[in-house]
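Subject: Structure handover

Hello,

Here is the structure I said I would pass on. My notes on it follow below the entry.

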Amino acid sequence: MKQYLTDLQKAAERHRPIITKLGIPGLFLFVFAPFWMTGPIVGCIIGYLLGLRHWVNLTVVILGTCFATVAWNMLMGKLNIHI
């Protein structure tokens with residue numbers, strides 16, 4: 001478990017400069033984006049490293065996750081109809 005948490009911390013530190021430049025919208029897009037090591041856990045770590053208040057961090061991460069879920073659901077629904 002320690003190695004997994006270390007990898008998460010490294011991923012968060014690696015993406016921190018980009019997110020810092022963009023602020024809260026950058027954190028939202030980071031959580032929303034379907035790339036490796038982006039998502040709610042790393043988003044929460046980055047929000048913590050940015051010094052966001054806990055409720056702001058959780059709100060942005062939860063909204064980003066919900067929007068990503070809805071977007072993927074719509075995309076897969078259209079793809080299923082097309083197939």
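This is a predicted model: local features need pLDDT of at least 70, side-chain atom pairs count only at pLDDT 80 or more; totals for chains, interfaces and linings use all residues.

N57 lies in helix α4, and with a relative accessibility of 6% it counts as buried, because the cut-off for buried is under 20%.

The C-alpha atoms of G43 and V61 are 6.3 Å apart, although 18 residues separate the two in sequence.

**Overall layout**

The protein has four helices and zero strands, in the order α-α-α-α from the N terminus. Its C-alpha trace spans about 45 × 30 × 20 Å along the principal axes. Of the 83 residues, 29% are buried. The exposed surface comes to about 6100 Å², and carbon and sulfur atoms supply 73% of that area. Among contacts with a separation of 6 or more, 62% are between residues 24 or more positions apart.

**Helix α4**

Helix α4 covers residues 54-82, which is 29 residues.

**Helix α1**

Helix α1 has 21 residues. From first to last C-alpha it reaches 30 Å, close to the 30 Å expected at 1.5 Å a residue. There is a bend of about 50° at R16, and a proline, P17, follows within four residues. The buried residues of α1 are L8, A11, A12 and I19, and they pack against α2 and α3. Just after this helix, G23 has a positive phi of about 75°.

In soluble globular proteins, nonpolar side chains tend to be buried together. Here the largest nonpolar core has 13 residues, and those touching the most other members are A12, I19, L27, F30, V42, I45 and I46. Each of α1 (2-22), α2, α3 and α4 supplies at least two residues of this core. The biggest contribution is from α3, with four residues. Two of the residues named above, A12 and I19, are also in the list of buried residues of α1.

**Aromatic rings**

How many aromatic pairs are there? The count comes to two. In one of them, F28 and F32 are stacked, at 6.2 Å centre to centre and with 10° between the planes. These two residues are four apart in helix α2, so about one helical turn separates them. F28 counts as partly exposed because its relative accessibility is 24%. F32 is partly exposed as well, with a relative accessible area of 31%.

The other pair is F28 with F67, and it is edge-to-face: 5.6 Å centre to centre, with 75° between the planes. This pair links distant parts of the chain, since F28 is in helix α2 and F67 is in helix α4, 39 residues apart. At 48% relative accessibility, F67 counts as partly exposed. Through these ring pairs, F28, F32 and F67 are linked into a cluster.

**Where to look when you open the model**

- R16 in α1, where the helix bends by about 50°.
- The cluster of F28, F32 and F67.

Regards

Note on methods: Residues are numbered from 1 along each chain as its sequence is written. Side-chain values use heavy atoms; hydrogens and water are left out. Buried means under 20% relative accessible area, exposed over 50%, partly exposed in between (1.4 Å probe, protein chains only). Contact means heavy atoms within 4.5 Å. Accessible areas come from the Shrake-Rupley method with a 1.4 Å probe; for residues, only the protein chains shown count as cover. The expected span of a helix is 1.5 Å times one less than its number of residues. A nonpolar core is a set of buried Ala, Val, Leu, Ile, Met, Phe, Trp, Tyr and Cys residues joined through side-chain atoms within 4.5 Å. Rings of Phe, Tyr and Trp (its six-membered ring) pair if their centres lie within 6.5 Å; planes under 30 degrees apart count as stacked, over 60 as edge-to-face and the rest as tilted. The bend at a residue is the angle between axes fitted to the seven residues ending there and the seven starting there.
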